[in-house]
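Please walk through the structure below, beginning with a pair of packed helices and moving on to the nonpolar cores and a sheet.

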Amino acid sequence: MAWTVGVDVGGTFTDFFAFDEVHGKTVVHKTLSTPENPAEAVTEGLSELCDAEGIDLEEIERFSHGTTVGTNTLIQRKGARVAVVTTRGFRDLLEIGRQVRPRIFSLQEDYPPPLASRRNCFEVTERIGPDGEIIDPLSEAEIAHAIESVLLSDATSCAICLLFSYESDAHEKALAEALKNEIPGLYVSLSSEIYPEIREYERFSTAVLNAYLQPVLDRYMALLEETLSSRIPGAVIGINQSNGGLTSIQQARNHPIKTALSGPAAGVMGALDTATRSGFGDVLTLDMGGTSADVGLIRNGEANVSTSRDVAGFPVRLPMIDIHTVGAGGGSVAWFDRDGLLKVGPISAGADPGPVCYGRGGTQPTVSDANAVVGRLDPSGLLDGTMPLDVEAARAAIQPVAERIGFTVEAAAIGIIDIVVANMARAVRMISVERGYDPRDMALMSFGGAGGLHAVEVARSLGVRRVIVPESPGILCAKGLVVADRKQDLVRSARILVDEGYQDQVYPALAKLEHELLSWYDSERIAESEREQQVTLDMRYVGQNHELRVHQPGSTVRSLPQSDVLKSMFFSEHQRSYGYHNDGDEIEIVNVRLTGIGRRRIEFSGDELKKELWEPEPVSRQLVWFSGNGPEETDVYLRAELAPGQGICGPAIIRQLDSTTVLAPGDRASVDRHLNLDVEVRG
């Protein structure tokens, strides 16, 4: 056997998906997360999985991990004490930012304070010009002053952010070498290495975030590597990045900011694999877990990628799967705001103590408690009955909410569910309508432990008529880690006017990036047959402030389209994004991007599809509330007993180890050959 194991650490559960590439066998496992030490749940869960399935640890050849350590560190502000060394005159750049409000109609709300305080920002006299020329050399005296300042700051990590370092990194490297030599153990992040692009504010911010995370992620990765190397010494370990691709542990330790959306990105990659196998090209993804819901977009068989977004309120300029997160999970708490209105989330009960119905000490009413009260969760317990539910405790927790709004307990629970559905629908609109896409033209793929409970109602509120629920929806992020490719994104800023012969200016930049990429292929031990490259150009009208990514399908570092074809591609992207374009205006390239991929090719077998739909036998019937008007007799099915070709009419509850899927009256689901549920949503 040759096993590949994917492990995704979530807020409530740590999920495992294992695949035997020799025999095509798949197994799944879930265990409670350990927020204080995420590695504990990873190692203990791996042992539980192997013991339960009889897997020899020596048979594990690949181990892929999605982590939320970076995101949680930023949210909780538990990172390193950071010093910043910058060009003289730019000490206040991180505080000045872009001088825009995070919410245009809120005069009080402001961006979070910089992760490096002003007193820990130190200036050096030096200057690199916009073409990479040295205008003002960096002297030994300035280097010595920087060392002394950082030493006195008691910082454990330092970000070096110099002007125009993306054109020449000589000064940043000189400072880094001196700091490491004089201050042993100091973590150093270079802006020219983390994000070598124009726009100094975003570049500085990204480098500071990396420095802030590096000590925390380095300790976590070191502990994980030490533990795994003793248990699975023959396995190649990959850490998922925000771009949906895997990288080595060493790369993750050096560039932890690239793992900021590691877990959610794995979910989108799992959804992409599922959609591709089932023939869906345009898909909205909804990953609802215990703490939050992550929404993504797959268009024409590719996950949407953004190079500019905020993480925990801080701007990050790196290629990331375009994901919008909202505080709507099974553990989201129902509470009353000062205006007396009922709200749900973003406060979460998390894994400890968790929802009241888990019986682990929770006291606040949550979305899971609401689902338990209205009969949508199995009263005998979750995880095939191994995790019992206390429905009466859930009712008692929701009772004060019901009394305050004058509803019955069941009607109040329905109200909690309706609010969390509205929160997720709003998130879907942000990732689709606000990006220029109509959600009604797409299918909604639901996954995560709580996704199936609410996906049909989210789809109905958006006018979406198809919902896809994967075979193991609660484990899809872990599956996404198994099918994920190794990936490296490289970029070089170069302002090039798009006219005849523009390729002659682009090719030298691509050649330099290709040289870096070949070194990465070798360091990651990626075979020649697995290597692929993708070229993307960031383009804009001359005079614009923001660019659009124009992917070059089929292009290589030595093959780019003619200028008129490239302009047409830009016009189409501008029309889709903004609703207009101008054929007569000049266009320029701002950044040249080259993505290297170590392609994974995994074949999951599909079953024979029956020619005619036929309904399975329910295992039980129970009363379930779908509205505040009263309960309905509802059939209950076991997902493991469903076969390709079978169909189910709502109302129905479909239960499985890792999730529960709810069909409202009038909805209809069929099982495809890959054992996905294909739901037709009643209008």
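At what angle do helix 9 and helix 14 pack, and how far apart are their axes? This is a predicted model, in which local features need pLDDT of at least 70, side-chain atom pairs count only at pLDDT 80 or more, and totals for chains, interfaces and linings use all residues. Residues are numbered from 1 along each chain as its sequence is written, and side-chain values use heavy atoms, with hydrogens and water left out.

Helix 9 (residues 262-278) packs against helix 14 (residues 476-483) at about 75°, and their axes are 7 Å apart. Helices (H or I, at least four residues) and strands (E, at least two) are DSSP runs, numbered from the N terminus. Axes are lines fitted to C-alpha atoms, for helices over the stretch in contact, and angles run from 0 to 180 degrees between N-to-C directions. Helix 9 and helix 14 are therefore roughly perpendicular to each other, a term that covers 65 to 115 degrees. Contact (heavy atoms within 4.5 Å) involves, among others, Gly263, Ala266 and Gly267 of helix 9 and Leu476, Cys477 and Lys479 of helix 14.

The largest nonpolar core has 71 residues, and Leu444 and Val458 have the most contacts inside it. Such a core is a set of buried Ala, Val, Leu, Ile, Met, Phe, Trp, Tyr and Cys residues joined through side-chain atoms within 4.5 Å, where buried means under 20% relative accessible area with a 1.4 Å probe, protein chains only. Helix 12 (residues 409-431) gives the most to this core, with 13 residues. Beyond its neighbours within four places in sequence, Val458 is in contact with Leu286, Val421, Met424, Ala425, Val428 and Leu444. Another core, of 55 residues, lies apart from the largest one and includes Ala18, Val84, Met221 and Leu318.

Four strands form an open sheet of mixed pairing, in the order 29-30-32-33. Strand 29 (620-625) and strand 33 (660-663) stand at the edges with a single partner strand each, so one side of each is left without a neighbour in the sheet. Two strands pair if DSSP finds at least two bridges between them. Strand 29 pairs with strand 30 (residues 631-638) in the antiparallel sense over six bridges; here Ser620 stands opposite Val636, and Leu623 opposite Glu633. In the hairpin of these two strands, with five residues between them, Gly630 takes a positive phi near 135°. On the pairing of strand 30 with strand 32 (residues 652-655), the sense is parallel, over four bridges, and Tyr637 stands opposite Ile654.

Notes: Buried means under 20% relative accessible area, exposed over 50%, partly exposed in between (1.4 Å probe, protein chains only). Angles under 35 degrees count as roughly parallel, over 145 as roughly antiparallel, 65 to 115 as roughly perpendicular and the rest as oblique.
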